[in-house]
Amino acid sequence: MYRYDEFDAAFVRERVVQFSDQVERRLKGEITEDEFRPLRLMNGVYLQLHAYMLRIAVPYGTLSSTQMRRLAHIARTYDKGFGHFTTRQNIQFNWPALKDVPAILSELAEVEMHAIQTSGNCIRNVTADHFAGAAFDEADDPRPYAEILRQWSSLHPEFSFLPRKFKIAVTGAAHDRAAIRLHDIGLEVKRGDDGGIGFAVYVGGGQGRTPMLAREINPFVPEADILAYVDAILRVYNLFGRRDNKFKARIKILVHETGIDELRRMVEEEFAQIRGGVLGLPAEEAERIRAYFAPPRFEERPAVSAKLNAARTANPTLDRFVKQNLHRHKAPGYTSLTISLKPIGGIPGDASADQMDAVAVIAETWAFSEIRVSHEQNLILPHLALDDVPDVYQALAAAGLATANAGAITDIIACPGLDYCALANARSIPIASQLSERFGAPERQDEIGPLSIKISGCINACGHHHVGHIGILGVDRKGEEFYQISLGGNPDESASIGEIIGPGFYAEGVIDAVETVVDTYIKLRLSPEETFLTAYRRLGEAPFKEALYGA
Amino acid sequence: MLEILTANRLYDGDVVYRTAAGDWVADVDAAELIDSTDRLTLAVAAANADVKASKVLDVAPIAVEVTDGHIVPKRLRERIRAFGPTVKSDHRPGAN
Ligand code: HEM
Ligand code: SF4
């Protein structure tokens with residue numbers, strides 16, 4: 001795994017000392033909130049409804065057992081005993097005291113973590129496919145490139161004050177598990193005709209109040225040019241992105257207003273000037289960074305595990321877990337396992353300190369000490385021998401972490417909503433909990449099949465509702481929580497933005513409404529193999545509208 | 001209309017309410033109930049002095065009702081601030 005180089009470590013330590021001093025001066029009243037706010041935001045500290053909130057970056061979602069243990073320690077010592085994993089592959093602590101934040105940041109620095117660039121109009125945490133380096137279908141591990149982009153964008157003087165925040169995602173496979181079409185820049189690692197690495201580059205995706213899918217700006221940028229190309233996009237955005245209106249400042253608006261062809265021309269022009277210069281990525285440098293992400297030493301194993309198969313036959317709940325939560329690995333005899341943070345009726349993305357410790361131990365014992373955070377708000381053990389799955393399952397069950405629902409209807413994404421967030425219009429988490437309870441029975445989930453529900457508490461869309469197969473958006477209707485339902489959204493390579501199906505529902509009605517949608521799908525699908533999304537795309541909104549609102 | 005003054009305490013961010021004595025406390029029932037514009041103006045001025053003095057931030061008057069002898073904010077957002085998140089915590093073994 002990537003190790004901080006000297007520069008990173010020294011810089012992060014310096015930043016902690018600097019921020020400690022700023023906090024001290026603020027607490028003594030030597031600087032005002034107006035002076036302090038930008039400083040705390042630069043260090044990931046927000047003020048929410050009940051307390052400060054600290055957002056910590058988990059670069060490309062990769063964590064070691066040591067880091068996870070430290071997060072558990074922080075949850076226990078400085079928070080209320082839990083943390084919230086987010087769709088941005090970050091973790092947020094909801095209850096830290098400002099006076100403790102410097103101590104937290106210095107504990108994080110010891111394990112090479114920080115909260116820099118988790119806020120503000122800069123390039124945010126670069127996200128990646130959570131099965132990176134493990135998935136059977138990837139062209140190459142996307143994380144070295146996410147890391148190269150992280151290094152390039154960290155504290156980049158030119159790009160620290162962009163018109164608006166900027167999010168980059170990288171996927172290593174054609175099957176997009178990183179929602180790259182919903183990011184300001186999305187990259188897909190590809191192989192050229194000669195086997196060399198390059199990237200399909202997408203630009204101008206985003207959610208929020210104006211959801212847009214990114215457009216392909218270049219089908220193949222060779223590895224050596226990728227930094228220069230991304231830099232060229234940022235330069236054009238920095239010059240022409242709108243600064244007059246916060247709601248029109250994201251690059252998606254620039255793409256929309258300028259047109260992808262004209263934008264491509266501008267980017268190519270810029271690119272032609274910087275190509276091959278200091279931003280070139282020499283093969284040796286790419287190789288050096290790739291070495292940090294070298295796969296662990298896999299043993300030679302048979303592709304099928306007799307041990308696991310026997311255990312499955314003996315234990316139907318394990319069998320169901322295996323069907324639901326394992327993902328095919330590139331090495332024979334290995335798998336990637338999703339640790340669901342969506343217990344039935346629970347809080348999507350929350351993990352207690354004890355659970356974090358348990359995951360750290362499990363990863364250490366069986367999974368090369370590697371853990372991932374997924375944008376679906378789950379944790380992943382990317383490399384695990386199939387033979388060890390029964391033991392891991394036992395250990396997960398003991399920690400309350402063996403929910404078998406990855407990709408199922410109860411694997412719900414929800415933002416913090418009005419329970420925590422100062423910007424919210426309505427609650428998200430209680431809606432998620434109720435839906436999870438309504439559909440929680442294993443037979444019911446199996447009957448429904450893959451279906452994603454995504455919930456945001458306001459139009460900022462942190463809960464990805466625009467790309468939920470069923471999306472739920474909380475709005476304020478004359479002081480009451482009110483929920484709009486959209487259908488047909490999807491974040492992967494066949495990305496689409498969901499369509500609002502009709503008038504919304506009060507909290508009491510929204511659970512039933514979702515069930516009506518689900519039942520309509522089950523009634524009309526061609527076979528149990530036809531998923532909700534496929535059926536919706538075939539049927540259109542009409543039958544769902546009719547079921548919800550009558551003819 | 002009945003109002004009280006709320007803010008977040010600077011050093012820990014906790015939700016606090018202003019008492020008649022001018023203290024900031026976590027217990028919403030201890031807040032000073034204000035029913036006149038004059039009184040509100042005075043209280044806000046005093047509260048803003050506490051902002052200047054770096055004790056609290058984000059001072060705001062909020063509308064409340066008194067139900068069964070208890071102060072209950074009118075808006076859901078303020079009820080959640082006063083009484084805590086409405087999420088269940090029983091799904092997080094080991095959390096307190
Ligand atoms: C609780 C404090 C939070 C605040 C104040 C906040 C604020 C915002 C705002 C203002 C936007 C809209 C940006 C735009 O349209 O230009 C946004 C978007 C977004 N946020 Fe948050 N957010 C919070 C928490 C979260 C959490 C917990 C997550 C992950 C679960 C998250 C993930 C995202 C994502 C994925 C987007 C949409 C992607 C995009 O920017 O296009 N945020 N957030
Ligand atoms: S979608 Fe709105 S309510 Fe939810 S976390 Fe984002 S800003 Fe807060």
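## A salt bridge between two domains

In this predicted model, A:Arg320 and A:Asp446 form a salt bridge, and their closest N and O atoms are 3.1 Å apart. Chain A is divided into four domains: domain 1 covers residues 6-110, domain 2 covers 135-292, domain 3 covers 306-398 and domain 4 covers 413-549. By these bounds, A:Arg320 belongs to domain 3 and A:Asp446 to domain 4. The rule finds one salt bridge across the interface of these two domains of chain A.

## The interface of domains 3 and 4

How far apart do the C-alpha centres of domain 3 and domain 4 of chain A lie? The distance between them is 27 Å. At the interface, twelve residues of domain 3 of chain A are in contact with twelve residues of domain 4 of chain A. Together the two domains of chain A bury about 950 Å², and 54% of this area is on carbon and sulfur atoms. On the side of domain 3, the residues that lose the most area to domain 4 of chain A are A:Arg320, A:Ile344 and A:Gly345; together they account for 46% of what that side buries.

By class, the side of domain 3 of chain A that touches domain 4 has four nonpolar, five polar and three charged residues.

Ligand 1 has 22 residues around it, of which A:Thr87, A:Lys167, A:Gln207, A:Arg250 and A:Cys462 come nearest. By class, this shell consists of seven nonpolar, nine polar and six charged residues.

Several side chains place polar atoms beside ligand 1. For A:Arg250, an N or O atom of the side chain is 2.8 Å from an oxygen atom of the ligand. A polar side-chain atom of A:Lys167 lies 2.9 Å from an oxygen atom of ligand 1. In the case of A:Lys165, the ligand atom is a nitrogen, 3.4 Å from an N or O atom in the side chain.

## The surroundings of ligand 2

Which classes of residue make up the shell around ligand 2? The shell has eight nonpolar residues, four polar residues and no charged residues. Among the residues that surround ligand 2 are A:Cys415, A:Cys421, A:Cys458 and A:Cys462, together with others including A:Pro416, A:Leu423 and A:Asn460. A:Cys462 is listed around ligand 2 and is also one of the residues that come nearest to ligand 1.

Technical notes. Residues are numbered from 1 along each chain as its sequence is written. Chains are lettered from A and ligands numbered from 1 in the order in which they are written. This is a predicted model: local features need pLDDT of at least 70, side-chain atom pairs count only at pLDDT 80 or more; totals for chains, interfaces and linings use all residues. Side-chain values use heavy atoms; hydrogens and water are left out. A residue is near a molecule or strand if one of its heavy atoms lies within 4 Å of it. Ala, Val, Leu, Ile, Met, Phe, Trp, Tyr, Cys and Pro count as nonpolar, Asp, Glu, Lys and Arg as charged, and the others, Gly among them, as polar. Domain bounds come from an automatic or database domain assignment. Contact means heavy atoms within 4.5 Å. Buried area is the accessible area (1.4 Å probe) that two parts lose on being put together, summed over both. A salt bridge is a side-chain nitrogen of Lys or Arg within 4 Å of a carboxyl oxygen of Asp or Glu. A polar contact is a pair of N or O atoms within 3.5 Å; within protein, one must be able to donate a hydrogen and the other to accept it, and residues adjacent in sequence count only if both atoms are side-chain atoms.
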